[in-house]
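Please read them with the coordinates open.

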Amino acid sequence: MATKTKYKTVIGLEVHAQLKTATKLFCKCSTKFGAKPNENTCPVCMGYPGVLPVLNEQAVEFAIKAGLALDCEIDPNCKFDRKQYFYPDLPKGYQISQFDKPICTGGKLTIFNDKVVNLERIHMEEDAGKLVHASEDAADRLHGSDYSLVDLNRAGTPLIEIVSKPDMSSAEEAVAYVKELRKILMAIGVCDGNMQEGSLRCDINISLNLEGEPLGTRAEIKNVNSFRSIARAIEYEYKRQSKLLDAGEKVVQETRLFEENSGKTFSMRSKEDSHDYRYFPEPDLVPLAIEESLINELRENQPELPSQKRNRYVSEFVIPEEAAGIIADDEGLAEIFEKAVAEGVSSTKLANWITGSISAYLNTKEISIKETKLSADSFAEMVKLIEEGTISDNIAKNSIIEELLEKGGSAKAIVERDDLAQITDPAQIEAIVQEVIDANQKQVEQFRSGNQKIKGFFVGQVMKATAGKASPQLINESISKLLK
Amino acid sequence: MSNYIINKSALELKESFLSAEISAEEITKAFLERINQLDKGNINSFIHICDDLAIQKAKLLDSRLIKGEDKAKLGKLAGIPIGIKDLINMMGAETTAGSNILKGHKSVYNATVTHKAISEGAVPLGKLNLDEFAMGSSNETSAFGSCKNPWDVNRVPGGSSGGSAAAVAAKFCPLAYGTDTGGSIRQPAAYCGLVGMKPTYGKVSRYGIIAFASSLDQAGPMTRTVKDNALLLEAMSGYDPKDSTSINTETENYLEYIKNNFETKESLEGTRIGVAKDFTPDSLDDDTKAAFENAIKVYQDLGAEIVEVQLPKIKYSLACYYIIAPAEASSNLSRFDGIRFGTRAEAANLDAVYKESRHNFGEEVTRRIMLGTYALSSGYYDAYYKKAQQARRLIFEDFENAFETCDLIISPTTPSPAFRFGEKSDPLEMYLSDVLTVPVNLAGLPGLSINAGYDSEGMPIGLQIIGKALDEKSIYNAAYAFEQKSGVEVREPALEALV
Ligand SMILES: [Zn+2]
């Protein structure tokens, strides 16, 4: 997949996904995005003296679901630990996380049809709050600003951290991995996948080495939150690290930060001053005792995964892999497609419409199908009208589909209202063809003297006379007949 | 009238209130008056007194009683004043944990035990002095000045619930909440001649109690009589969904149990009481030893069977405790970093704010944070914390084995009675005063201290009664039997001499 490079790139990813629970991991505060600062807080998530955490069981179910979808082992007796460090966005002075007994271990995910990325583990943890630096040029965190404000709305939000093995070797693979992971988490309903709001962010571990030599020293790039940034950060790191290695210098093991504007990564802290997190078992929570029956129930009721769905579309609906990918990966498109197919319309034609005109429309407007007025019924009805020959593809493309997307309504009603039905009476068409022939004797001469191309002129004239409604097949037939 | 009120037990006060003999307001005012007269500048058991709040609550109870509300609905503690250790959150009051770092910190919510006390009709009078963050055995580490022992103001009341013990002994309140991590209820109860119960871990909700060592902390009642103690535990205990470590069992009626057992049978026949050599170290002072031997005789006379048991691993208790408790404390106290909680020092940058704010912790607290931080450091975790947890398991198993041949285990509560201020300046020597109580916390078992006599200088001596997990009722039954039949004289500290 990747272009041939001098060094081998070894990439492992730690993806933090926010679980789609209504409330936080250890209290009943809302997890809703966009509230006023510190609105979604209570003594528990603010770490008031004396408070205790109570585990949100929904979050545990979501973590199990993620584990099952990614082929992990679930540990029914996993436990929570305290990860300790000081930072103003961490009101307790520790984050409740999982250290040596995470809820899921192992697992895998496939990209590009056959490239397997193995997983190390998935663990549950609470998110920290957010600092707002009150200065224009607070580039270097706290130090550039006059003061900082703390917003604890996000503190205590449930996250899962999905840790991959260092199984990826290019930016393309890393991006494909995160994209597929995002689709899976969204499909099983545990994460909304909204990267702008921070629902999915990732840390990239990257090292370079020469073929056949041991792995190089890795750098960790923190908190990258878009597909584009993932690719750019990896590409930048490749350049930075290969330059060092080319010059015979060493790569330092350190944590780096990706800066969007410059596209560069910067050193945050080296291994020497890395935190000693002093992990120890969280004494305020008891080890979990997840019932085997719950795991089985979640396994049995697991929704169809994106890869399963794509495969099903190819085999069940006989549509090309690429179209299956486009439709199956988009919940809205998949829904409209499957419903329209159920109306007994050709799945191939429906798929062509979706990947063609409809996708083009959505891309231009930068919206999703759910934001349009198109219903599966009217979509199926329109394609049915084409299949029956009532309207032509062109009429549908030029005069119907856009209205259905923008205003909704019935395709049939539009056809009737605008009198768009094809003229399918051969006698009627012959009469029009005759009129065109009579009015254009010069072209008739040309045709008869062997210029076959001129036939298209007649077709065009007939279409013009019928406002595009004449059946192209019938026009052709009658022209051939009358010009013989 | 005033003395008439303050001399009553909690149960008697409740009876007086419910029978409309004395109003809750009169009761409350009598105790507040005594506190105002004798506490400040003398005993120093209260850090904050909530007069207005208390009188308001008492008046409300009076009006409910007058309106003819069902007496049972007025609560198990109807009309009884209570003092609350200042480690426990009470809305509308400051909760300081006896530390400079929390000076001025107003509670924004009620601890579950506070809520229970109030909803059971108790009248909280104020917040009681303690060792800073409950770390200490003498009340000398409080940032609000040490609290004195009412039996001898030159001596410590014990700790960390020293304020609670002193207040009950001085009859400033008939009931008090204490907390016990390594003996912090039982040791001061012993030093002040009271009944103090450390319940089974998980019996009482920890929600709203500032954590010292989360896996050991347990709140409990401190009272002058066994029945008052049983009454308060009944009111404060029970499953709390806000505390994941709380045990979901039915609440028990201990008073009923005592009535149906010792009060009916007047004998402890059938009760096997364990005595262990491991619990009577050489360091025991002579009077304590004599009082303990007398207690064994009392129980024999009451028909109990005395059984010799072995607890070979409890000698590791202090070592084990001084890894686990500081480790958990170092983590629990991280939130007092000066950012969201704790007195913030003004400093140039974030690191300096952290460093400067820490100076608001006292010496003992700082020592324990350092010990705990070290024990949890990477590379030392296995050698210290993990090993201590393994030792803890063995200590628990020791008790489990011992309880196969007995129902209760008795021991002295402390190696000697209350010491004088400044007498134990070496921290290790101070830690030794908890040597007999710490094993009970490590094993998560219930343990009670009851007065078992006096030393040659008239200081009270404690007897510890340890039970099986969740078997507080047997402890109360045996403690009640001792209280009624031991013949130990009921004396009172001569407090009035102070004024
Ligand atoms: Zn909250």
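How are helix 14 of chain A and helix 15 of chain A oriented to each other: parallel, antiparallel, perpendicular or oblique?

1. They are oblique. Keep in mind that this is a predicted model. Helix 14 (residues 455-465) and helix 15 (residues 472-482) of chain A pack at an angle of about 125°. Angles of 65 to 115 degrees would count as roughly perpendicular, and angles over 145 as roughly antiparallel. The crossing of helix 14 of chain A and helix 15 of chain A is right-handed.

2. Next, the residues behind that packing. Helix 14 of chain A contributes A:K455, A:F458, A:V459 and A:V462. Helix 15 of chain A answers with A:I475, A:N476 and A:I479. Sorted by class, this contact has 5 nonpolar, 1 polar and 1 charged residues.

3. Helix 6 (residues 321-328) and helix 8 (residues 347-365) of chain A have axes that come within 9 Å and cross at roughly 65°. That angle makes helix 6 of chain A roughly perpendicular to helix 8 of chain A. The crossing of helix 6 and helix 8 of chain A is left-handed. On the helix 6 side, the contact is made by A:A323, A:I326 and A:I327. On the helix 8 side, A:A351, A:I354, A:T355 and A:S359 take part. The contact of helix 6 with helix 8 of chain A divides into 5 nonpolar, 2 polar and no charged residues.

4. Now the domains. Chain A is divided into domain 1 (8-297), domain 2 (304-417) and domain 3 (426-482). The C-alpha centres of domain 2 and domain 3 of chain A lie 33 Å apart. How many residues of domain 2 of chain A are in contact with domain 3 of chain A? There are 4, and they meet 4 residues of domain 3 of chain A. On the domain 2 side, 1 residue is nonpolar, 3 are polar and none is charged.

5. A:D419 has a positive phi of about 55°, although it is not a glycine. A:D419 lies in the loop between helix 11 (411-417) and helix 12 (426-439) of chain A.

6. Chain A also has an open sheet of 3 strands, in the order 4-3-15, with antiparallel pairing. Strand 4 (94-97) and strand 15 (280-281) of chain A each have a single partner strand, so one side of each is left without a neighbour in the sheet. Strand 3 (residues 81-84) of chain A is joined to strand 4 of chain A by 4 bridges. A:Q84 stands opposite A:Y94 in strand 4 of chain A.

7. Chain B has an open sheet of 11 strands, with mixed pairing. The strand order is 1-3-2-4-6-5-10-11-9-7-8. Which strands stand at its edges? They are strand 1 (46-49) and strand 8 (305-309) of chain B. The twist averages 30° from one strand to the next. Strand 7 (residues 272-276) and strand 8 of chain B run parallel and are joined by 5 bridges. B:R272 stands opposite B:E305 in strand 8 of chain B.

8. Helix 6 (residues 162-169) of chain B packs on this sheet. Among the strands that helix 6 of chain B touches are strand 1, strand 2 (81-85) and strand 3 (123-128) of chain B. The direction of helix 6 of chain B makes about 155° with that of strand 4 (175-180) of chain B. The loop between strand 3 and helix 6 of chain B holds B:S160. The peptide bond from B:G159 to B:S160 is cis, with omega near 10°.

9. Last, the interface between the chains. Here 36 residues of chain B are in contact with 26 residues of chain A. On the chain B side, helix 12 (317-332), helix 13 (350-357) and helix 14 (363-376) of chain B are the elements that give two or more residues. The largest share, 3 residues, comes from helix 12 of chain B. By class, the side of chain B that touches chain A has 16 nonpolar, 13 polar and 7 charged residues.

Methods:
Residues numbered from 1 in each chain as written. Chains lettered and ligands numbered in written order. Predicted model: local features only at pLDDT ≥ 70, side-chain atom pairs only at ≥ 80, totals over all residues. Contact = placed C-beta atoms within 7 Å. Nonpolar A, V, L, I, M, F, W, Y, C, P; charged D, E, K, R; others polar. Pairing = 2+ DSSP bridges. Domains from an automatic or database assignment. Axes fitted to C-alpha atoms, helices over the stretch in contact; angles between N-to-C directions. Parallel < 35°, antiparallel > 145°, perpendicular 65-115°, else oblique. Left-handed = near helix turned anticlockwise from the far one by under 90°.
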